[in-house]
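Work through the exercises below with the structure open beside you. Each task is followed by a solution in steps.

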Amino acid sequence: MNFDEIIERRNTNSMKWDQLENKYQHTDLWPMWVADMDFQAPQPVLEALDNVTRHGIFGYHHPPHSLRTAIQDWTNRRFGWDVHPENIAFTPGVVPAIHHLINAFTDEGDGIIIQTPVYYPFFALLRSNRRTLLENRLLESGDGKYEIDFTDLEEQMKNGAKMIILCSPHNPVGRVWSEAELKKVAELCTRYGVMVVSDEIHADIILQGKHTPFATLEEAKDLQVATCMAPSKTFNLAALELSYVIFNEKETQKKFERQLQRNFTSIGNPYSSAAAEAAYRHGEAWLETLLTYIQANVDYVKERIEEEMPMIHVAKPEATYLIWLDFRELNMSQDDLQNWLRKEGRIALNDGHTFGKTGSGFARMNVATPREHVVEGLNRLKTAYDKL
Ligand SMILES: Cc1ncc(COP(=O)(O)O)c(C=O)c1O
């Protein structure tokens with residue numbers, strides 16, 4: 001795979017490239033926002049999809065057992081986690097999965113903890129389901145690094161939290177939570193009887209350190225844990241809408257599956273199954289090359305910004321292909337920062353405040369794109385910076 005290859009995505013109904021004007025009300029923006037990649041999926045995935053097309057019959061489908069064992073082999077190899085194939089429930093996306101988890105296991109008004117700044121749909125999920133937001137703000141510990149505020153976390157649990165939605169690894173701050181940090185979370189959840197939804201969609205995009213699936217912790221053994229995973233970020237398959245939830249306990253899984261049935265939510269797309277299985281069985285070498293490529297892009301962004309735009313600060317992500325940029329030293333209001341990025345920078349980043357109040361003054365940059373694209377984005381940012 002040649003990750004330097006530029007593949008045109010304009011006029012392909014790509015959200016990242018073709019919804020720019022709609023979203024930002026500006027033309028000629030350089031898209032470094034939506035969290036997908038400008039790379040083709042691994043070759044074995046493309047072949048598996050071709051096979052489905054050649055068969056040509058698109059009748060009702062169910063995900064095969066072999067997909068379950070492909071996931072089991074993958075989690076075993078990558079995380080040393082032996083997931084039982086029957087403990088997997090398929091879902092059409094992690095956000096829909098979390099929506100159904102919230103509805104299956106909490107009631108209107110119940111408190112749910114999220115750790116902010118965080119992936120913005122978490123806020124929308126709580127709002128649209130009328131749950132009470134319990135915000136556990138992450139602490140900045142210097143040099144762009146964030147940590148969990150455990151004192152506040154315990155306070156939020158005392159406020160009657162029913163559930164915590166972990167983002168592990170964390171989007172947008174790029175942390176790979178350490179085993180010690182996750183153990184502390186597990187101990188608190190056990191003490192206060194809080195169910196854990198662990199969104200581990202970025203678990204395969206690890207740049208530094210080691211991902212620990214929350215459910216593998218000894219300290220989590222008495223907890224209700226639902227782990228959300230997917231091949232979508234890892235292999236760039238988001239549009240195929242396949243994800244899954246792994247349960248550590250049968251009754252919890254059954255309750256969730258009843259919730260899916262009640263809402264007529266199922267996974268039945270032969271393309272999704274074929275792509276996911278091919279990716280997990282034959283995509284590992286591709287992923288390793290991708291990780292090296294992303295790390296090089298991250299290093300490039302960090303070096304250039306440090307040298308050429310020293311008032312912007314880059315938190316080096318330990319995971320994900322998303323970089324959390326700190327513009328606070330420019331002393332602009334959130335509105336001014338957004339306008340400056342659009343008008344002067346002509347670049348589309350995700351606005352920091354959408355990730356929560358503490359994201360104000362930040363923006364998120366996606367570097368899962370050929371180097372030439374990253375260079376273009378940074379050139380634009382530099383032009384704007386030089387005019388300050
Ligand atoms: C933490 C997190 N969860 C979920 C998603 C989206 O998942 P899906 O497209 O499967 O709903 C994203 C996408 O960026 C994400 O970053």
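**Exercise 1: A loop residue**

A238 is found in the loop between α9 and β10. The model is a predicted one.

Task: Decide whether A238 is buried, partly exposed or exposed, and state how far it lies from T53 in sequence and in space.

Solution. 
Step 1. The relative accessible area of A238 is 40%. Buried means under 20% and exposed means over 50%, so A238 is partly exposed.
Step 2. Along the sequence, A238 and T53 are 185 residues apart. From C-alpha to C-alpha, the two are 19 Å apart in space.

**Exercise 2: A helix and its packing**

Task: Describe the span of helix α4, list its buried residues and name the elements they pack against.

Solution. 
Step 1. Helix α4 covers residues 65-79, which is 15 residues. The distance from its first C-alpha to its last is 21 Å, close to the 21 Å expected at 1.5 Å a residue.
Step 2. The buried residues of α4 are L67, R68, A70, I71, Q72, W74, T75 and F79.
Step 3. These buried residues pack against the strands β2, β9 and β10 and the helices α9, α11 and α12.
Step 4. After α4 comes G80, with a positive phi near 65°.

**Exercise 3: A cavity and a pocket**

Task: Find how many cavities of 30 Å³ or more there are, and describe the lining of the largest cavity and of the second largest pocket.

Solution. 
Step 1. The count is one cavity of 30 Å³ or more. The largest cavity has a volume of about 50 Å³.
Step 2. Its lining consists of W74, T75, F79, E200, I201, A203, D204, M229, A230, Y244 and Y280. Helix α4 gives the largest share, three residues.
Step 3. By class, the lining of the largest cavity has eight nonpolar residues, one polar and two charged.
Step 4. The second largest pocket holds about 250 Å³ of space. Of the 13 residues lining it, F90, E257, L260, T265 and S266 lie nearest its centre. The elements that give two or more residues to this lining are β2 and α10.
Step 5. The lining of the second largest pocket divides into seven nonpolar, four polar and two charged residues.

**Exercise 4: A buried arginine**

Task: Locate R175, decide whether it is buried or exposed, and list its contacts beyond four places in sequence.

Solution. 
Step 1. R175 sits in the loop between β7 and α8.
Step 2. Its relative accessibility is 6%, so R175 counts as buried.
Step 3. Leaving aside neighbours within four places in sequence, R175 is in contact with K145, Y146, E147, P169, H170, E181 and E318.
Step 4. A polar atom of the R175 side chain lies 2.8 Å from the backbone oxygen of Y146.

**Exercise 5: Backbone angles in loops**

Solution. 
Step 1. P117 is in the loop between β3 and α6.
Step 2. P172 belongs to the loop between β7 and α8.
Step 3. T320 is not a glycine, yet has a positive phi of about 75°.

Key:
Residues numbered from 1 in each chain as written. Predicted model: local features only at pLDDT ≥ 70, side-chain atom pairs only at ≥ 80, totals over all residues. Heavy atoms only, no water. 1 Å grid on protein atoms, 1.4 Å probe; cavity = no way out; pocket = protein on both sides within 12 Å on 5 of 7 lines; lining within 4 Å. Points joined across faces, edges and corners; volume = space filled by probe spheres on them. Helix = DSSP H or I, 4+ residues; strand = E, 2+ residues; numbered from the N terminus. Nonpolar A, V, L, I, M, F, W, Y, C, P; charged D, E, K, R; others polar. Expected span 1.5 Å × (residues − 1). Buried < 20%, exposed > 50% of the residue type's maximum accessible area, 1.4 Å probe, protein only. Contact = heavy atoms within 4.5 Å. Polar contact = N/O pair within 3.5 Å; in protein donor to acceptor, adjacent residues only side chain to side chain.
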